Amino acid sequence: MEDYDIEMMFQDTPEASENPAPAETQEFRIDCQEKVEWALRKIGAWDAEYARVKTHSESILKRITSEKESFLARFQVDLEEYTRQKIEGGKRRSYETVYGTLAFRKVPPTLSVVDKDAALEWARQHDPTSIQETLNVKAYSDRAKLDLQQNGEILPGMELKPERESFSIRFKSED
């Protein structure tokens, strides 16, 4: 790949080979059609190189992401089981390695709207402030949390997910 530096940029100027003159007496300027075409050719080449590298890097990133997802699909359960064995009986919820940390954390129960139509129908009858043009999911979720706390009822369209653990892998930064 070509390195672009300011000195190299003008080595192929239209005048460079025709009129070699000391830099202090003659400054290069774009002052004719030939030099304009030369400048546009240079800019176009950089734009094309940028687009090529961007396209290539995006395809590389997609491949890396796909490979990582496949790897995790195959080995995440093993990593979780190994981590459970390593932390069993201790107070820690994580296991540190040279390359990163394997960790569990408790995720509190959460309410989420799973049936917007049912939630919208209930909100129309009982809490119109939850409704805009469509269901205001946050307002309905807030109301559902309140109802769950006060009455122990789960509103239509909501699902109570039980407390669970989530698993994460954190890599150490290279400082």
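Predicted model: local features only at pLDDT ≥ 70, side-chain atom pairs only at ≥ 80, totals over all residues.
1. S130 sits in the loop between α3 and α4. Its side chain makes a polar contact of 2.7 Å with the side chain of D127. Beyond neighbours within four places in sequence, S130 is in contact with A123, L135, N136, A139 and Y140.

2. Is D127 buried or exposed? At 12% relative accessibility, under the 20% cut-off, D127 counts as buried. The side chain of D127 has a polar contact with the side chain of S130, at 2.7 Å. The side chain of T129 makes another polar contact with that of D127, at 2.6 Å. Not counting residues up to four places away in sequence, D127 touches W122 and R143.

3. Next, helix α3, residues 116-126. Which residues of α3 are buried? They are A119, L120, W122 and A123. These four lie on the same side of α3, because they cover an arc of only 165° around the axis. The other side of the helix has exposed residues: D117, R124 and Q125. The cover over the buried residues of α3 includes β3 (110-113) and α4 (137-151).

4. The start of α3 has a contact of its own. Here a side-chain oxygen of D115 comes to within 3.2 Å of the backbone nitrogen of D117. D117 is one of the exposed residues of α3.

5. How many residues does the largest nonpolar core have? It has eleven. They are L111, V113, A119, L120, W122, A123, L135, Y140, A144, L155 and M158. At least two residues of this core come from each of β3, α3 and α4. Helix α3 gives the largest share, four residues.

6. Y140 deserves a look of its own. Y140 is a member of that largest core. Which residues does Y140 contact, leaving aside neighbours within four places in sequence? They are V113, A119, W122, A123, S130, L135, L155, P156 and M158.

7. Now the aromatic pairs. The structure holds five. One is formed by F28 and W38, and it is edge-to-face. The ring centres are 5.5 Å apart, with 75° between the planes. F28 is in the loop between α1 (6-9) and α2 (33-87), while W38 is in helix α2. F28 counts as partly exposed because its relative accessibility is 25%. W38 is buried, with a relative accessible area of 3%.

8. A second aromatic pair joins F104 and F167. Why is this pair called tilted? The planes of the rings are at 55°, so the pair is tilted. The ring centres are 5.1 Å apart. F104 lies in strand β2 (residues 100-107) and F167 in strand β5 (residues 164-171), so the pair ties together parts that are 63 residues apart in sequence. Both F104 and F167 are buried.

9. A lysine in α2 is also worth checking. K35 is found in helix α2. Is K35 buried or exposed? K35 is buried, at a relative accessible area of 3%. A polar atom of the K35 side chain lies 3.2 Å from the backbone oxygen of R29.

10. Last, the chain as a whole. There are four helices and five strands. Along the sequence, the pattern is α-α-β-β-β-α-α-β-β. The chain has 175 residues, and 19% of them are buried. Contacts between residues at least 6 apart in sequence were also sorted by separation: 56% of them join residues at least 24 apart. The chain exposes about 13900 Å², and carbon and sulfur atoms supply 53% of that area.

Terms used: Residues numbered from 1 in each chain as written. Heavy atoms only, no water. Phe/Tyr/Trp six-rings, centres within 6.5 Å; stacked < 30°, edge-to-face > 60°. Buried < 20%, exposed > 50% of the residue type's maximum accessible area, 1.4 Å probe, protein only. Arc of directions from axis to C-beta. Contact = heavy atoms within 4.5 Å. Polar contact = N/O pair within 3.5 Å; in protein donor to acceptor, adjacent residues only side chain to side chain. Core = buried A, V, L, I, M, F, W, Y, C linked by side-chain atoms within 4.5 Å. Areas by Shrake-Rupley, 256 points an atom, 1.4 Å probe, with all protein chains shown as cover.
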